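Reader: I am new to this structure and would like to go through it with you. Could you show it to me?

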Amino acid sequence: MRGGALGTDNPRMRRASRGTVDLGEVYGRLVRRRGHAGWWPAQSAFEVCLGAILVQNTAWTNVEKALEVLRSRRLLSYDALREMPASEIAPLIRSSGCFNVKARRLRAFLDFLGREFGGRVQAMEGEEPRVLRAKLLAVPGIGPETADSIALYAAGQRLFVIDAYTRRVFARLGAMAGDEPYDVLQQIFMDALPSETRLYNDFHAQIVLLAKDVCTRRPACAVCPLEGVCPRVGVAHTLKWSRMRARESQSGSRRRPRGTSRESGPTA
Ligand code: SF4
């Protein structure tokens, strides 16, 4: 990872823009609000890998409980888990949901790590990013977001992570529709940003934190650091819909607004 300034002090970052959204401006505002995120929250690269798999389709708090169970039993290492069958892993990660499926995915990842890298996550750092990504994607149960999370946060590879939070925030910023294919969005970010692992790491973290705390389903635009540069695409509808629901619940009405359904409200 290259040293030097990160973010608004980086002259290459200032030139990074996509359409009407200046990524340097966006990133600078996010960092000025809360500082660098220091991700991924884990005590080892191996723990990052497990967390990236366990967080599929669940909240991070549920993952933390599963990781804590593994930690309390001294199982947060490749050597400790290398011989353990999925049937024994499953009850230990119950809190993460779909635990039988996730246990099989962890087992598949452990087999991959042993076979390809001798059980050492650090050995992934020497792989070419796209080669590592392709290898990870060949592991059952590992999709693009999980593969890139492991590659970036565990192996320090220059691959930008796209997730539902990225789609939501940047759709509201008017930079994308939000339903583009994963690889298309990843390429947009990687073409627009300086190719720096540390920047990719922190920018994605900033997006996730903003989407969780501020740019939620019902966004708190008044306190958002992006308020001055965000056209809030689709937000007016979101807030109008939310206010109508609030009024309905106060009046006891069960009728929904015309043209909406239980599935058509704001989405994550
Ligand atoms: S101004 Fe509102 S819609 Fe735009 S990023 Fe911030 S919270 Fe989201």
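Reader: Where is Trp40 placed?

Author: Trp40 is in the loop between helix H2 (23-34) and helix H3 (45-54). Helices (H or I, at least four residues) and strands (E, at least two) are DSSP runs, numbered from the N terminus. This is a predicted model, in which local features need pLDDT of at least 70 and side-chain atom pairs count only at pLDDT 80 or more, while totals for chains, interfaces and linings use all residues. Residues are numbered from 1 along each chain as its sequence is written.

Reader: Is the peptide bond from Trp39 to Trp40 cis or trans?

Author: The bond from Trp39 to Trp40 is cis, with omega near 0°. Most peptide bonds are trans, and most residues other than glycine have a negative phi.

Reader: What about Cys98: is its phi positive or negative?

Author: Cys98 has a positive phi, near 45°, and is not a glycine. The residue lies in the loop between helix H6 (86-89) and helix H7 (99-117).

Reader: Why does Cys98 count as partly exposed?

Author: Cys98 counts as partly exposed because it has 16 C-beta neighbours inside 10 Å. A residue is buried if 20 or more other C-beta atoms lie within 10 Å of its own, exposed if 12 or fewer, and partly exposed in between, with C-beta atoms placed from the backbone.

Reader: And where is Arg232 found?

Author: Arg232 is in the loop between helix H12 (197-213) and helix H13 (235-251). Its phi is also positive, near 55°, and Arg232 is partly exposed because 17 C-beta neighbours lie inside 10 Å.

Reader: A change of topic: how do H3 and H9 cross?

Author: The axes of H3 and helix H9 (residues 144-154) come within 9 Å and cross at roughly 160°. Axes are lines fitted to C-alpha atoms, for helices over the stretch in contact, and angles run from 0 to 180 degrees between N-to-C directions. H3 and H9 are therefore roughly antiparallel, a term for angles over 145 degrees.

Reader: Which residues make that contact?

Author: H3 contributes Ala45, Val48, Cys49, Ala52 and Ile53, and H9 contributes Thr146, Ser149, Ile150, Tyr153 and Ala154. Two residues are in contact if their C-beta atoms, placed from the backbone, lie within 7 Å.

Reader: Which residues are closest to the ligand?

Author: The closest are Cys215, Pro219, Cys221, Cys224 and Cys230, among 13 residues that surround the ligand, each with its C-beta atom within 6 Å of it.

Reader: Lastly, how many helices and strands has the chain?

Author: The chain has 13 helices and two strands.

Terms used: Angles under 35 degrees count as roughly parallel, over 145 as roughly antiparallel, 65 to 115 as roughly perpendicular and the rest as oblique.
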